[in-house]
Protein chains: 2
Amino acid sequence: MTDRPYHHGNLRRALLDASAQLVGERGPAALSLREVARRAGVSHAAPAHHFTDRRGLLTALAAEGWGLLAARLEDTRAAGAEFAELGVSYVLFATEHPAHFAVMRTPGLLDDADPDLLAARDRANALLYAGAGVPESDRGLAASAGGRGRVLAAWSLVHGLAVLMQEGLVVPGPGEDVAAVARAVTAQLRDA
Amino acid sequence: MTDRPYHHGNLRRALLDASAQLVGERGPAALSLREVARRAGVSHAAPAHHFTDRRGLLTALAAEGWGLLAARLEDTRAAGAEFAELGVSYVLFATEHPAHFAVMRTPGLLDDADPDLLAARDRANALLYAGAGVPESDRGLAASAGGRGRVLAAWSLVHGLAVLMQEGLVVPGPGEDVAAVARAVTAQLRDA
């Protein structure tokens, strides 16, 4: 290719965008590097310069998704909003970035040791724990621990609502937007 | 086929069981009648005697799933358990019948006018509404209505937890079982 349409940084971006499009159409499991290259309009060998394989590509997309979510949660916190608003932001993120959200939900297809993925996910999780008022020392695995029970409940609540909407099992009523539905639902969580 | 291994009722059962197996392995979207026949060990024309097409087969599986869920919720109510226990039953159902649960979550692949599906779904929904203390007149669409907000929150909560577990994003801690996690999470919902 002498007439390469993208330079390095743009190509990576173009490949991620093409991947998100294809994931949105057919889900993460159906993605192939060859098809991503075709959709992005580049040589079929181009993706391998940036991502070793499909797992690498999906992992990059998931890391980007967790980063987008973390940034959104940071904005919400910076605006001084209460814990429930973090949940509303989660649902809005999932609605606005359905392909990223879908990839983040398929850990079996990802490289779980990827440092970018881990860093982005930890960043988002730390915001949720801090928002719920769970001290650092209580951020273990056991769901029955009080603090984690609250975080797990909040996560389940907004994850469930986002998934139900993505699956078309719940749709906002006439005149309602996604944020209004998310607010009505998160209001049902007990106070800390 | 002179040596038919199943009579009428058993063949339908065998086809549904084979479908549930295949859905568990590769998800609802990948199911084909031909593969179901192969897995059940019957002629490739056999499924068409019971289900017109893949949509019909998945719809029957979804209807069966909603029926299993409704039966489980009825047992829970009959035992005099409180509302949160219905949620625990929902999570246990999803964990024990992952293929049925997955099919119930793909309305786009189902015949949404199928009377068996509608009846089973309504039966399960009525139990959830009644358990939440929502009067018949309040069972409309708007999530912002108080009663529906509570049911939608409860549904989101247990749906989210079930999905997070199915996706491997949440696993019970050491010595915990699924019911214990579900109880810790549903305890975070406000009282009516």
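**View 1. Arg183(A) lies in helix H9 of chain A.** Helices (H or I, at least four residues) are DSSP runs, as are strands (E, at least two), and they are numbered from the N terminus. This is a predicted model, in which local features need pLDDT of at least 70 and side-chain atom pairs count only at pLDDT 80 or more, while totals for chains, interfaces and linings use all residues. Residues are numbered from 1 along each chain as its sequence is written, chains are lettered from A and ligands numbered from 1 in the order in which they are written, and side-chain values use heavy atoms, leaving out hydrogens and water. Arg183(A) counts as partly exposed at 41% relative accessibility (buried means under 20% relative accessible area, exposed over 50%, partly exposed in between, with a 1.4 Å probe and protein chains only). Leaving aside residues up to four places away in sequence, Arg183(A) touches Glu85(A) and Val88(A), where contact means heavy atoms within 4.5 Å. Have a look at Gly87(A) too: its C-alpha atom is separated by 8.3 Å from that of Arg183(A), although the two residues are 96 apart along the chain.

**View 2. Helix H5 (residues 83–96) of chain A meets helix H9 (residues 178–186) of chain A.** Their axes come within 9 Å and cross at roughly 140 degrees; axes are lines fitted to C-alpha atoms, for helices over the stretch in contact, and angles run from 0 to 180 degrees between N-to-C directions. H5(A) and H9(A) are therefore oblique to each other (under 35 degrees counts as roughly parallel, over 145 as roughly antiparallel, 65 to 115 as roughly perpendicular and the rest as oblique). On the H5(A) side, the contact includes Ala84(A), Val88(A), Val91(A) and Leu92(A); on the H9(A) side, Val178(A), Ala179(A) and Ala182(A) are among the residues taking part.

**View 3. Tyr90(A) and Phe101(A) form an edge-to-face aromatic pair.** The ring centres are 6.0 Å apart, with 90 degrees between the planes (rings of Phe, Tyr and Trp, the last by its six-membered ring, pair if their centres lie within 6.5 Å; planes under 30 degrees apart count as stacked, over 60 as edge-to-face and the rest as tilted). Tyr90(A) sits in helix H5 and Phe101(A) in helix H6 (residues 98–104) of chain A, 11 residues apart. Both Tyr90(A) and Phe101(A) are buried.

**View 4. In chain B, Tyr90(B) and Phe101(B) make an edge-to-face pair.** Here the centres are 6.0 Å apart and the planes stand at 90 degrees. Tyr90(B) is buried at 3% relative accessibility, and Phe101(B) is buried at 1%.
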